[in-house]
Amino acid sequence: MNENYRGRGPQRILPPPQAEEETKEEQGMRFAVEMPYPELTGIARNTQNARLLSALFAGAHGELTACTQYVQHGMVLGNLGQAGAEVLQGVAVCEMRHLKLLGEMILRCGGRAAYCDWQRRAVWNGRMVQYAREARRIWQADILGERAAIAAYRWTRERVNDLCIVEAIDRILLDEELHLRLFQEQAAMARGEACTVTE
């Protein structure tokens, strides 16, 4: 018998905690296209590709910025009692998955998965986040952010010379396009309008 429990009487065994209604992983999947991400095992060592990916990883319009911005905006909306906080939190979880994929690709290319845009020699910092305090500005900033991210992915796709990376970018782009549509819908609802999705 363990000395720490001597003399305390029978110990009550607690039942396992009940599973939450939906795990964060499952919540993130609602904000991703239902298609698996490609395997990254065939990526070749190429430091130039790593440099290109670093902007998507931790640049001003990269995944680290998106994660932090969407979490912050979700907190603000929740505090204001506005709709859409759950959407931003769910998209942030999906963007974290993209961040991890990009980090793994950078490492496989022989680069460093540091929070730095090696193309522009810029270390990530909180000033890259677009802070907003009202729903209209939050959705405006996040729509612009998604459009910039999509453009950055497409630009990078044309410049990397590795089919495995191109396939991963194509898959991530599907999620980003979904996020843009979700944000446009939320912005329209915040304005009290019917949603008209534009690319």
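Is E134 buried, exposed or partly exposed? E134 is partly exposed, its relative accessible area being 36%. The model is a predicted one. A search of the whole structure gives three aromatic pairs, and the salt bridges number nine.

**Aromatic pairs**

- Among the three aromatic pairs found in the whole structure is the one between F57 and Y115, which is stacked, with 5.6 Å from centre to centre and 20° between the planes.
- F57 belongs to helix α2 (residues 47-58), while Y115 is in the loop between α4 (85-108) and β1, so this pair ties together parts that lie 58 residues apart in sequence.
- Y70 and F183 make an aromatic pair of the edge-to-face kind, with centres 5.1 Å apart and an angle of 80° between the planes.
- This pair links distant parts of the chain, since Y70 sits in helix α3 (residues 63-80) and F183 in helix α6 (residues 163-191), 113 residues apart.
- Y70 is buried, with a relative accessible area of 2%, and F183 is also buried, with a relative accessibility of 0%.
- Y70 and F183 are joined with W139 in a cluster linked by ring pairs.

**Charge over a ring**

- R171 places its charged end over the ring of Y37, at 4.1 Å from the ring centre.

**Salt bridges within helix α4**

- One of the nine salt bridges in the structure is formed by E104 and K100, whose closest N and O atoms are 2.5 Å apart.
- E104 and K100 are four residues apart in helix α4, so about one helical turn separates them.
- E104 is partly exposed, with a relative accessible area of 27%, whereas K100 is exposed, with 55%.

- D170 is in helix α6 and R157 in helix α5 (residues 135-157), so the bridge ties together parts that are 13 residues apart in sequence.
- D170 is partly exposed, with a relative accessible area of 29%, and R157 counts as partly exposed with a relative accessibility of 29%.

**Salt-bridge network**

- E134, with a relative accessible area of 36%, is partly exposed.

**Backbone at R121**

- R121 has a positive phi of about 55°, although this residue is not a glycine.
- R121 lies in the loop between β1 (116-117) and β2 (122-123).
- R121 counts as exposed because its relative accessibility is 71%, over the 50% limit.

Terms used:
Residues are numbered from 1 along each chain as its sequence is written. This is a predicted model: local features need pLDDT of at least 70, side-chain atom pairs count only at pLDDT 80 or more; totals for chains, interfaces and linings use all residues. Side-chain values use heavy atoms; hydrogens and water are left out. Helices (H or I, at least four residues) and strands (E, at least two) are DSSP runs, numbered from the N terminus. Buried means under 20% relative accessible area, exposed over 50%, partly exposed in between (1.4 Å probe, protein chains only). Rings of Phe, Tyr and Trp (its six-membered ring) pair if their centres lie within 6.5 Å; planes under 30 degrees apart count as stacked, over 60 as edge-to-face and the rest as tilted. A charge sits over a ring if NZ of Lys or CZ of Arg is within 6 Å of the ring centre and within 35 degrees of the ring normal. A salt bridge is a side-chain nitrogen of Lys or Arg within 4 Å of a carboxyl oxygen of Asp or Glu.
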